[in-house]
Amino acid sequence: MAKIDFSGRVAIVTGAGGGLGKTYALELAKRGAKVVVNDFGGARDGTGGGTSMADAVVAEIKAKGGTAIANYDGVHTHEGGANIVKQAIEAFGKVDILINNAGILRDKSFTKMEEDLWDPVIAVHLKGAYNVTKPAFLNMRDNGYGRIVMTASGTGLFGNFGQTNYGAAKLGLVGFMNSLGIEGAKYNIKVNTIAPVAATRLTEDIMPPEIFQKLNPEYVTPVVLFLCSEQCQDSRKIICTGAGLVQRASIVVNDGVFLGKEPATPEAVAEKWAQILEPKNLRELDNVMAQSLEIMKYYS
Ligand code: NAI
């Protein structure tokens with residue numbers, strides 16, 4: 001198996017001042033990439049800000065002989081996203097790899113989920129990924145090469161009490177990936193998504209201590225590094241990973257039930273409901289046209 005090497009590659013890691021992002025930045029640099037270490041430097045809920053987190057990671061990379069620069073922009077603003085990519089191109093000439101990793105939490109049960117909790121979470125995770133990916137994608141398109149990793153979460157894929165804002169943003173990233181991967185295919189831009197599980201400041205009070213101790217973020221790092229590599233030829237995949245386990249998650253349809261060529265009644269739906277839900281012959285569909293073809297086969 002050839003060594004995965006990032007010499008000559010330029011990578012942007014957002015939210016790389018701590019937690020998972022820091023491990024990606026360190027390992028990319030160790031394997032030869034020039035890294036833009038972005039971090040807004042705020043608290044877990046996104047308040048505050050500062051330069052020390054990104055600076056510390058850059059200092060660590062440089063002390064180990066690697067190449068990195070710090071960026072302190074917030075991904076949640078359009079200008080911030082543009083500036084991160086501009087800085088990468090000015091310093092290193094291009095962008096090959098983008099890991100959309102920056103994240104905050106503002107948890108509350110839905111009856112207490114007000115706009116000041118909803119909007120910033122969507123802004124950092126979903127709009128933030130757009131803000132950085134748009135200018136990065138343009139550069140990747142011009143160069144005919146790109147690797148983009150989105151960071152979803154188990155909450156987006158499977159749900160969690162108190163995280164409607166976060167779950168909406170995180171599954172939104174899967175939708176973003178699904179269409180962007182289609183648009184990036186002809187430029188050799190692969191877009192994949194991870195749903196990590198790791199012990200970081202985001203999860204320290206959510207997980208039981210005995211589980212927290214087993215979830216070193218460094219278990220997630222090799223999976224993300226592979227997705228960022230030239231060796232990764234797949235796109236539009238969702239990978240759940242933590243503590244050494246790497247699984248693929250996917251969105252599937254079952255056989256379903258054809259209710260007839262004339263519009264049916266709600267009672268007919270009720271009668272067939274168990275069969276409609278039956279997880280039989282589950283399969284992925286490549287795009288929205290494939291969904292239409294599923295319907296059309298009953299009319300051919
Ligand atoms: P973390 O809090 O250590 O890292 C997130 C980083 O993003 C922080 O350093 C923070 O300063 C930075 N950040 C926040 N807002 C920013 C902004 N507007 N612009 C730039 N940087 C900003 O947490 P962790 O766990 O490393 O999270 C990384 C990603 O993984 C997040 O997207 C998170 O939602 C996701 N995730 C983590 C899980 C886990 O088990 N730790 C589970 C599922 C998803």
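Which backbone atom lies 2.9 Å from a polar atom of the side chain of Ser235? In this predicted model, that atom is the backbone nitrogen of Val191. Ser235 itself belongs to the loop between α8 (221-227) and β7 (238-242), and with a relative accessible area of 17% it counts as buried, because the cut-off for that class is under 20%. Apart from its neighbours within four places in sequence, Ser235 is in contact with Gly181, Ile189, Lys190, Val191 and Asn192.

Arg236 is partly exposed, at a relative accessible area of 22%. A positive phi, of about 55°, is found as well in Asn281, which is not a glycine either; Asn281 is placed in the loop between α9 (266-277) and α10 (288-296) and is partly exposed, with a relative accessible area of 46%.

Turning to the helices, the axes of α4 (residues 115-143) and α6 (residues 164-184) come within 8 Å and cross at roughly 15°, which makes α4 roughly parallel to α6, since angles under 35 degrees are classed in this way. The crossing of these two helices, α4 and α6, is right-handed. Among the residues that meet across this contact are Leu117, Trp118, Val121 and Phe137 in α4, and Tyr166, Leu173, Phe176 and Leu180 in α6. Sorted by class, the contact of α4 with α6 has 14 nonpolar, 6 polar and 2 charged residues.

Definitions and conventions:
Residues numbered from 1 in each chain as written. Predicted model: local features only at pLDDT ≥ 70, side-chain atom pairs only at ≥ 80, totals over all residues. Heavy atoms only, no water. Axes fitted to C-alpha atoms, helices over the stretch in contact; angles between N-to-C directions. Helix = DSSP H or I, 4+ residues; strand = E, 2+ residues; numbered from the N terminus. Parallel < 35°, antiparallel > 145°, perpendicular 65-115°, else oblique. Left-handed = near helix turned anticlockwise from the far one by under 90°. Contact = heavy atoms within 4.5 Å. Nonpolar A, V, L, I, M, F, W, Y, C, P; charged D, E, K, R; others polar. Buried < 20%, exposed > 50% of the residue type's maximum accessible area, 1.4 Å probe, protein only. Polar contact = N/O pair within 3.5 Å; in protein donor to acceptor, adjacent residues only side chain to side chain.
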